[in-house]
Every structure is written in C-alpha cells, then in structure tokens.
Amino acid sequence: MPQSRHVAIIGAGAVGVISAIEALREGHRVTLIDPGEPGGEQAASYGNAGWLSSHSVIPPAEPGVWKKVPGYLMDPLGPLAIRWSYLPKALPWLIKYLLSGWTEARVETTAVALRDLLKDAPLLHRKLAEEAGVPELIERNGVMHVFPSRGNFDNDLGWRVRKRVGVDWLELSADEMRQREPDLHPRYTFGVVVEEAGRCRDPGAYVAALAQHALASGATLVRAKAIGLNLSGNKLVAVLTETGEIACDAAVIAAGAHSKRLTASIGDPLPLETERGYHVMIENPETGPRSSMMASDAKMVVNWTDKGLRAAGTVEIAGLEAEPNWKRAEILRNNLFSMFPKLPTDIPASRIKTWFGHRPSMPDGRPCIGYARASRDIVYAFGHGHVGLVGSARTGRLVAQLLSGKPPEIPLAPFSPDRFL
Ligand SMILES: Cc1cc2nc3c(=O)[nH]c(=O)nc-3n(C[C@H](O)[C@H](O)[C@H](O)COP(=O)(O)OP(=O)(O)OC[C@H]3O[C@@H](n4cnc5c(N)ncnc54)[C@H](O)[C@@H]3O)c2cc1C
C-alpha cells in the first residue's frame, strides 16, 4: 500500500474532481481548492459540447494550416479567429502550434498518444457517473459527423490518421442520413457514425455530481484562489491561497487555462494558451438532430443536453482577459438555424442562452500530465484543449498513479511537461 498523502488539488473542473476521486481511491487525503462552484459557469467543463469522443485524437493544427493564418486575422467571426491586439502575446504559442502540425507524421504522433489517453473514455465516464449516482448523464450511443460532400471527408487528413490509430466508423449515404436525420438540411450529403463515442447530457451537472461524490467520500472543498506553492528545497510544504496557506504533502495543478501562472511561479514556464470557445443553447427547441452531431463546415457540435439543444465550438485566440465577442455565439445560433431549417428563427431571446469559456490548450494538442521540475510532490494535469471532458477520466487515474509513485497505465512521455522546457 503506497503511503497516504495529503493532496491539495488546485481547480475543481472535470480534471480536478476526477483526480480527487481517483486520489481518494488510492487512499490519499484530498483538499479541492477552487474559488468557483465545481461544475460552475467559470469552468470550461461547464459549457463544453459534451462530446465523449474517444476518436478526437487529431490535434487542431494540421499541415498547411499556416496558409489560413491571414484569414484568421482578417475575419473575427471565422471558425478560428485571432485578435490583432493579442497577436504579439500569442505569437510564440502560435508558432509552436503551427510547427506541431507541420507534417502528417507529427499529427500522427499526437494521434497515437491521444488514442491511449482517450480509449475507453466513454466507459470510464459511465462508471464514474454510476459511482456518483448520475448514470443517466452519460450515454454511449455513438456520435455523427456530417459533411456537405463525400469529398470533404475523403480530403480530410484527420480521418486517414484516425483509421491508422484504430478508429472505426460507419459511413452513411445521403439517403441513409436522411432516414436517420430527417430535419437536417439536405446540403449535408455524407455522414460518418463513430459508434464507440459517447456524450454527456449535462457537463456542468456531471462535474458538480462528481465533486459531491468526492466530498461524500472524504474530500474537503476550500473556496479560494490558489496563488502559489510553498516549497522547502524540493519538498512541497503548502499551497498558498488568497485566504491563507493550506499545508499539504502533494499538489495537483488542474486549474485549466489558469494553470500557467502557477507553473511559472515554480520555474516551469509552459506554453499554455486559451482557445476561447462559445456555446448557444435553445431551450425546448421545436426540432433538432436525433443524434449528437458535428458539422464539418461549421466546425461546431450540436448536442442535446438536459437544459436544451446546445451548439458549441469554434476557436478565438484573444487571451484570458479580453471581453467575449458575443457575435461569435450569434454565428453558432445562425449555423444551427441553417442546419435545421424547421427551427423557427423567431425563437424568443428568453429561450436562447449563450456562454463563453476557456479551453486550456497546449500548442501540440496534448495535455501536460507529469511532475513539476521543482518537485515530484507537484503533479501537472492541465492543457487538455478540445478533449478535456473526454480526457479527464483517464487523466484522473494517471494523476493518482503519479501521486502514489505507481507506474502509469499508459506511456506518459508524450504528455510530459518537459517537452516544452
Ligand atoms: C466551446 C467548447 C466546447 C468544448 N467541447 C468539448 C467536448 O465536446 N468534449 C471534450 O472532451 N472537451 C470539450 N471542450 C474542452 C473541455 O471543456 C476542456 O478541455 C475541459 O473542460 C478542461 O477541464 P479542466 O478541468 O482542465 O479546466 P476547467 O473546466 O476550466 O476547470 C478549471 C477550474 O480551475 C479553477 N481555477 C482557476 N484558477 C484557479 C486558481 N488559481 N486556484 C484554484 N482554482 C482555480 C476554475 O475556477 C475552474 O473551476 C470544449 C471546450 C469549449 C470551450
């Protein structure tokens, strides 16, 4: 039995709360630290699209994407937009981002690593949801990708690479799609169903339930913002918060897009950036998809949640501080109307909710999971970018293994923070 430690987990998003559950399972004492409500609107884990897509292994940057950068700068409402005013700050990250996807071989390196992290994730989430008493929030019925033409799919390097890393799918002709999705606009003439994938019916409620489960299993929640880590030599002594010190033997940095300052404060300047995203949600919509789907042209996921029909996606590079550009949420809404023409466009504003949040993104699309250089008492678990909900289940297990000094269940070299240091 490994030694029991008092572990302070900074951040109670999906990654933090699942790390808490797994650390408790290993026999550790856990204190969760977060100024916000676990599963609350401040976290990316609240407003994401809810996809548990174990096949989402392709990093955001692909070969040739550099040619699109001028467009990203010119069009503030495009699927990927970079704010001019933030460009100087984002540039070092952007260069690493472009280089990480420069060749198909580099994309495949990330795909192989992410496949390890994400495999069986829908099942892992289902088990966690059962433990937390909310099994109904996790469904494992597959997801659909829809394309204007078969050519769009054939020309997509991502699907070639997915095949090579073991992802399988079912292809749908226009007629088959029509039968499955009668209300989808007929401009979509080709579809792909990935049956291994799942979805979450309410990501915020799921994280809140997992946090409650951690608390019921013995964890403590401190509502405070962590501002530093107190080390004596290479031994962690305490986490510093705005309201005082929390003495502990180990810490996990799982503060999502806000993790960068904490790692820099202990000598690890890591290239973590926010890929800002939006969602729009229509309560009690008149129609919508029968399955959870991603539109390849709009770069947006449409998912039924218990609170309504949610369309989420697109990327804006503008940092943590800039005000949201709500026009981007309007674009998502308009895309939704265009995908499902039977949705009335005069839905009252009171039935339409919008949200904006921060994907915590490393340039190569792989999270940081590993020890800090300053001390093996500090474990990093952040930077999951577009796959933080689906990836949180195995990440929590890996964090617990690192805390206990056990061999990790998958190779961690591709996720090592050292790749940037
Ligand atoms: C529009 C959109 C759609 C997405 N769709 C999907 C999807 O379908 N599937 C998927 O897998 N992923 C998706 N993602 C990505 C996913 O949401 C994130 O990768 C994931 O939620 C990150 O989880 P996290 O726990 O690392 O961070 P967060 O959920 O952001 O949680 C971080 C927590 O840390 C706290 N915190 C911050 N600073 C401090 C501090 N100093 N001290 C203490 N606490 C602190 C915050 O209050 C917050 O609660 C999407 C993201 C967006 C924006």
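Student: What makes domain 1 and domain 2 separate domains of the protein chain, and where do they lie?
Tutor: The bounds come from an automatic or database domain assignment. That assignment gives domain 1 as 6-48 + 205-271 + 365-420 and domain 2 as 58-117 + 136-197 + 273-361. This is a predicted model, in which local features need pLDDT of at least 70 and side-chain atom pairs count only at pLDDT 80 or more, while totals for chains, interfaces and linings use all residues. Residues are numbered from 1 along each chain as its sequence is written, and side-chain values use heavy atoms, with hydrogens and water left out.

Student: How many residues of domain 1 and of domain 2 does the contact take?
Tutor: Contact means heavy atoms within 4.5 Å. By that criterion, 31 residues from domain 1 and 26 residues from domain 2 take part.

Student: What is the area buried between domain 1 and domain 2?
Tutor: Buried area is the accessible area (1.4 Å probe) that two parts lose on being put together, summed over both. Here the value is about 2300 Å², and carbon and sulfur atoms give 66% of that area. On the side of domain 1, A257, P271 and H386 lose the most area to domain 2, together 22% of what that side buries.

Student: How many salt bridges does the rule find across the interface of domain 1 and domain 2?
Tutor: A salt bridge requires a side-chain nitrogen of Lys or Arg within 4 Å of a carboxyl oxygen of Asp or Glu. Across this interface the rule finds 0, whereas a search of the whole structure finds 29.

Student: Why is the pair of R150 and E171 called a salt bridge?
Tutor: The closest N and O atoms of R150 and E171 are 2.8 Å apart, and the limit is 4 Å, so the pair qualifies. R150 lies in helix α7 (residues 150-154) and E171 in strand β7 (residues 170-172), so the pair ties together parts 21 residues apart in sequence. Helices (H or I, at least four residues) and strands (E, at least two) are DSSP runs, numbered from the N terminus.
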